[in-house]
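User: Please take me through this two-chain model by way of questions and answers, giving the cut-offs behind each term.

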Amino acid sequence: MSLSQFIPFLPEIFLAVAGFVILLVGVGVGRRGIRALTIAGVFALAGTAVLTWVLGRPAGGPEVILGGMLVLDGFALYFKLLMIAASSITLLMAAGFLERSPYGGGEFVALVLYATLGMMVMASGASLVSLYVGLELMALSQYVLVGYFKLEVKSNEGAVKYFVLGALSSGILLYGISLVYGTLGTLELGGIRDALVTNVSGNPALGLGILLVGFGMLFKVAAVPFHVWTPDAYEGAPTPVTAFISVGPKAAAFAMFLRLFAGAFAPQIQSWRLVMWIAAALTMIYGNVAALTQNNVKRMLAYSSIAHAGYALLGIVAGSAMGTWALLLYMLVYTFMNLGAFGFVILLETRGYAGEQISDYAGLAKRHPAAAAGMLIFMLALAGIPPTAGFMGKLYLFSAAVEAGYIKLAVIAVVMSAVSLYYYLRIVLEMYFRDGEEDVPAPLARDRWLEAMITVCVVATLVIGVWPAPMVGWARNGLIALGVG
Amino acid sequence: MDFLQQHLLNFICYLPLAGALLIIFGINRDNAKAIKTVATVVAGLDFLISIPLWFLYNPAGAEFQFVVQGEWIPKLGVQYFFGVDGFSILLILLTTLLTFISVYSSFTAITQRQKEYYVFLLLLSTGMLGVFMSLDFVLFYVFWEVMLVPMYFLIGMWGGPRKLYAAIKFFLYTLFGSVLMLVGILALYFYNSTGLAAIGLPGLHNPATFAIPELYKIAPHIPPQMQFWVFLAFFIGFAIKVPMFPFHTWLPDAHVEAPTAGSVILAGVLLKMGTYGFVRFSLPLLPDATVKAVPWVAALAIIAIIYGALVAMAQKDMKKLVAYSSVSHMGFIMLGMFALNEAGLRGSILQMINHGVSTGALFLLVGIIYERRHNRMIAEYGGLAKVMPLYAMFFMVLTMSSIGLPTLNGFIGEFTILIGVFRANWTWALFAASGIVLGAGYMLWMYQRVFFGEITNEKNKDLKDLNRREQWTLIPLVIIAFWIGLYPRPFFNRMQPTVDRVLQRVEVALHHPDTAARHGAAITGSAPAEADQGAGE
């Protein structure tokens with residue numbers, strides 16, 4: 001094994017080293033240095049992105065590296081760049097928030113970088129082992145991030161729940177992996193796929209293994225009935241962390257989901273499709289219905305993100321080429337609109353945990369018309385109303401479901417997205433139709449970076465909604481390399 | 001000139017959007033005068049540039065004219081595809097005119113948050129015009145939903161006491177209907193292209209497209225089973241919008257709570273989107289299902305006619321009365337349409353315009369008195385003819401137009417519909433005619449209670465008659481009411497090609513009920529599979 005084999009792995013190595021350096025420097029810097037550390041973190045991510053762009057596009061199609069551990073293809077490239085973008089936006093959104101909080105920022109930046117590293121490995125994993133290692137690296141960083149406000153009870157509660165249930169799900173996943181390995185004798189995704197094409201005997205242990213891996217993945221994307229950790233973790237976590245775990249890790253989990261179920265396990269689709277169908281239906285119904293009665297904005301957005309995982313599962317149930325790239329596109333769209341919505345929550349959260357109840361938003365349109373208009377766009381996008389990106393994302397996903405013949409599921413999806421409008425509009429209603437009752441309403445944070453990032457998300461949401469062609473092109477490039485096109 | 005004509009529809013559709021952007025970014029919110037001026041000029045200009053459509057449209061020419069076409073959403077074959085025929089031109093003109101009148105009539109009624117108000121009115125206009133111009137299903141759907149947002153704000157921000165409830169009800173009802181429509185659209189789309197192999201529909205393997213003219217071509221080949229389900233999906237979407245009888249409950253709430261201009265647009269244009277959808281999509285695309293649905297739709301339409309009229313009669317609030325009269329009138333339009341003959345369809349389309357003109361004007365009139373007294377209860381008034389003679393005169397003319405007095409527009413529309421309905425089924429005509437009698441009853445009764453007799457309420461003694469601006473919001477509508485009543489021919493001429501083509505497409509199924517079925521079976525090569533099977537194997 002020569003050293004040159006590691007060259008394609010340079011982006012990840014670079015990111016890991018940058019994380020260590022920032023962690024070491026961060027120990028010495030208090031709250032004052034947060035912005036400098038953030039800039040360092042964003043530069044590290046940018047450097048990683050450049051390296052990924054240069055090294056992650058092998059000329060001769062997909063390339064397996066490091067002895068079958070990782071694969072470089074369009075799919076990995078797409079997800080890696082998406083995750084880097086999500087992490088960068090998170091860091092810039094969090095800087096001002098952390099400055100106002102009593103906690104330092106050194107570990108925060110480093111933890112986000114580690115989580116990103118884990119996600120990148122998940123996106124390009126070509127073996128069950130590397131996928132699992134990436135997943136755990138990401139998950140461990142997240143557990144710590146959720147409990148980052150260590151003196152807040154809510155934050156601790158969320159972290160513990162997340163950790164215990166996350167560990168359990170990892171166990172289930174690992175058990176499933178062991179069964180798959182035990183029956184097929186290989187850990188490489190390509191090998192598994194080949195073995196499944198010829199496997200007609202139908203060993204029950206293999207079916208069970210695939211099912212358990214599926215359960216583990218449903219857990220990671222917060223699908224019903226494996227969602228119980230989500231609302232508590234989302235509510236308890238510091239808001240920038242909530243923003244982060246609702247997009248980056250979710251995208252990574254779906255990337256791994258696709259690698260496994262649209263790639264390796266695709267030949268056995270008959271054995272797991274019904275399970276995914278039921279999970280998708282339950283997730284959409286439960287997520288949307290439960291969100292209707294939430295008064296805490298973060299909890300509401302938590303249930304909304306459960307619902308969105310349900311829509312995304314349509315792409316996996318469809319099991320078609322279109323389903324796959326529709327899911328890829330949806331992850332991109334969802335990243336921008338959800339980050340934007342959470343960015344807005346951060347903007348309002350200037351007094352501890354105030355600004356989290358829906359009623360805190362009353363009269364906002366009068367006091368801060370631009371901010372309210374931004375939030376309006378995110379809410380409409382999440383509900384899937386054109387001309388926003390949310391509509392385009394859903395259009396492709398629902399098309400994929402109809403194309404594959406899952407019309408009942410598509411009907412559930414569209415009806416539930418009509419239901420979702422109700423709770424998204426509750427925020428709009430407070431902002432525009434009610435006047436605040438407080439004498440001194442909570443002021444908005446004056447945070448240029450945060451505002452800039454929200455603007456980026458608004459622009460992305462609108463541009464993709466009106467002119468989706470380039471994004472669709474990129475998503476499809478990701479698909480071709482996955483080998484299902 | 002060529003360039004202008006080629007992009008005429010783009011200009012008409014996006015001029016209000018440009019005006020809205022100008023107001024958002026260009027004018028300070030305290031400068032109400034400038035905001036009003038810009039909004040009025042933009043809306044007026046939009047009406048003016050839409051007038052050439054009336055003259056340049058060639059009834060003998062191609063089915064759709066002024067076409068603008070280009071690629072939009074990749075990989076699905078969605079196009080940016082605008083085009084109009086005589087039918088949509090009439091509705092576009094109605095839209096631009098009513099938008100202008102709505103803007104112009106709001107100067108004194110709206111005093112709060114004027115900037116947002118005019119922005120939303122203009123955005124609404126762009127959305128509505130897009131609906132009537134789109135010839136691509138997805139583009140149509142986009143405009144159909146885009147238009148909901150400004151209307152939601154108009155009701156929710158400037159509405160009456162129960163505005164929050166009314167606004168959300170309006171939005172959710174319509175959205176619920178339209179998302180089901182989307183599934184129907186997708187099913188049609190895949191049937192036309194790759195097929196829905198998983199549920200036993202092999203498909204026609206045409207190039208993937210959402211373009212309406214292309215989909216018209218495959219209409220006879222769609223198996224009846226599938227037509228039924230798609231028709232149902234469309235029906236829910238359009239029937240909620242019309243609104244047809246069991247789906248009408250959002251309408252009185254929305255109308256009563258909406259500000260005057262909102263009610264005018266709602267009654268004048270938004271309700272027409274439902275009937276437009278039926279004529280443009282359901283009838284020609286799904287002829288077999290349409291023919292089978294006739295008894296059901298007719299029954300619902302007749303219920304709406306009678307029920308709407310009876311409920312209107314019982315109303316104490318003028319605005320609610322006009323709102324319920326809309327339910328009744330829209331029932332008429334649906335009944336005429338589903339008579340599926342020339343007279344019925346012609347009358348139905350003309351009545352869409354008539355209803356927009358008359359009911360829009362009646363809402364304006366109710367709004368005018370409400371602005372003076374902040375009360376709409378019939379019992380509060382009496383003897384108004386003495387203090388407000390001009391107002392009483394306009395109200396009289398438009399009441400007559402609404403109940404269908406000869407020489408006014410309502411008569412032509414209702415009479416033509418009745419001819420068509422009678423040819424289809426004389427018992428329906430009997431019910432429909434009784435609806436006209438009831439309509440005359442509640443309108444005249446209201447008129448009598450409000451305008452005749454002595455002034456019983458002290459507060460009404462010093463009411464001012466219509467001012468110049470208020471008169472000018474009503475005069476165009478009165479002129480059109482007389483024009484259609486005396487010389488409806490230009491209107492009929494323009495809609496004729498649409499009527500002919502729709503009937504031609506429906507007749508395939510009407511006179512040869514089995515043709516379509518056999519044709520469909522031959523193409524699918526097997527018995528039509530159940531279209532709703534979903535849960536996989």
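User: What should I know about the model and its numbering?

Analyst: This is a predicted model, in which local features need pLDDT of at least 70 and side-chain atom pairs count only at pLDDT 80 or more, while totals for chains, interfaces and linings use all residues. Residues are numbered from 1 along each chain as its sequence is written, and chains are lettered from A and ligands numbered from 1 in the order in which they are written.

User: How many helices does chain B have?

Analyst: Helices (H or I, at least four residues) and strands (E, at least two) are DSSP runs, numbered from the N terminus. On that basis chain B has two strands, and its count of helices is 22.

User: What is the radius of gyration of chain B?

Analyst: The C-alpha trace of chain B spans about 80 × 55 × 45 Å along its principal axes. The radius of gyration is taken over C-alpha atoms, and the globule rule is 2.2 Å times the number of residues to the power 0.38. For 537 residues that rule gives 24 Å, and chain B comes close to it, so it is as compact as a globular protein of that length, with a radius of gyration of 23 Å.

User: Which residue of β2(B) is the bridge partner of Gly70(B)?

Analyst: Strands β1 (residues 65–73) and β2 (residues 78–84) of chain B run antiparallel and are joined by six bridges, where pairing requires that DSSP finds at least two bridges between two strands. Within β2(B), the partner of Gly70(B) is Tyr80(B).

User: Which helix gives the most to the side of chain A that touches chain B?

Analyst: Two residues are in contact if their C-beta atoms, placed from the backbone, lie within 7 Å, and by this criterion 35 residues of chain A are in contact with 33 residues of chain B. Helices α11 (269–291), α16 (389–403), α17 (407–433) and α19 (469–482) of chain A each supply at least two residues of that side. The one that gives the most, with 15 residues, is α17(A).

User: How many residues does the largest nonpolar core have?

Analyst: A nonpolar core is a set of buried Ala, Val, Leu, Ile, Met, Phe, Trp, Tyr and Cys residues joined through C-beta atoms within 7 Å, and a residue is buried if 20 or more other C-beta atoms lie within 10 Å of its own, with C-beta atoms placed from the backbone. Leu314(A), Ala401(A) and Leu335(B) have the most contacts inside the largest core, whose number of residues is 400.

Methods
Buried ≥ 20, exposed ≤ 12 C-beta atoms within 10 Å, placed from the backbone.
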